[in-house]
Amino acid sequence: MTRDKIRSQADERMKKSIHSLQDEFKTLRGSRASQSLFEKIRVEYYGNKVPLNQVATLSIPEARLVIIQPWDRSVLPEIEKAIQKSELSVNPNNDGKVIRINIPPLTEDRRKELVKLTKNTAEQSRVSVRNVRRDANEEIKKAKSDSELSEDEAKKAGDEIQKLTDKYIEEINALLEAKEKEILEV
């Protein structure tokens with residue numbers, strides 16, 4: 001396997017770790033209302049579990065208010081149940097036409113819990129990136145022992161993999177810092 005191929009595979013896998021972290025952070029609640037909070041909610045609709053955004057329109061008219069307007073009013077009770085079962089800890093108000101959700105301010109204890117959760121999630125991503133580095137370094141060693149890479153090429157490949165790892169770890173740290181700031185914002 002060539003040096004470039006090993007590097008590009010590692011880069012691709014590390015990018016996936018970053019995307020996964022970003023998706024996870026989107027669903028963690030900050031102090032403001034956001035449509036991304038509802039991305040994981042699935043609603044029972046004609047016997048199938050479908051994403052909420054496929055059966056209703058979500059809008060955010062104010063910083064702490066979400067309005068969910070279903071396209072078919074018969075699905076209102078199912079949407080309400082799905083939101084109540086979710087991890088959001090919010091209380092939906094159903095008026096027969098739309099569901100209004102007031103996003104209450106986070107308590108200090110809940111903020112601390114969320115910060116701890118974001119740190120754990122970020123650490124899992126760092127471990128994932130380091131695992132990719134380990135796998136890439138094993139590929140380099142294997143290619144070197146199979147005489148596919150020279151000593152110098154193997155050294156350069158190892159350095160490139162370490163630079164990639166450092167870059168993605170920095171990106172994870174920046175994402176963590178931004179999410180912590182958002183959670184702690186009053």
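Beyond its neighbours within four places in sequence, Val75 is in contact (heavy atoms within 4.5 Å) with Val43, Glu44, Tyr45 and Pro70. The model is predicted, so local features need pLDDT of at least 70 and side-chain atom pairs count only at pLDDT 80 or more, while totals for chains, interfaces and linings use all residues. Residues are numbered from 1 along each chain as its sequence is written, and side-chain values use heavy atoms, with hydrogens and water left out.

**Val75**
- Val75 lies in the loop between β4 (65-70) and α2; helices (H or I, at least four residues) and strands (E, at least two) are DSSP runs, numbered from the N terminus.
- With a relative accessible area of 2%, Val75 is buried (under 20%, 1.4 Å probe, protein chains only).
- A distance of 55 Å separates the C-alpha atoms of Val75 and Ala157, which are 82 residues apart along the chain.

**Helices α3 and α4**
- The angle between α3 and helix α4 (residues 151-184) is about 170°, and their axes are 10 Å apart; axes are lines fitted to C-alpha atoms over the stretch in contact, and angles run from 0 to 180 degrees between N-to-C directions.
- α3 and α4 are therefore roughly antiparallel (angles over 145 degrees).
- Their contact comprises 15 nonpolar, 7 polar and 9 charged residues; Ala, Val, Leu, Ile, Met, Phe, Trp, Tyr, Cys and Pro count as nonpolar, Asp, Glu, Lys and Arg as charged, and the others, Gly among them, as polar.

Notes:
Parallel < 35°, antiparallel > 145°, perpendicular 65-115°, else oblique. Buried < 20%, exposed > 50% of the residue type's maximum accessible area, 1.4 Å probe, protein only.
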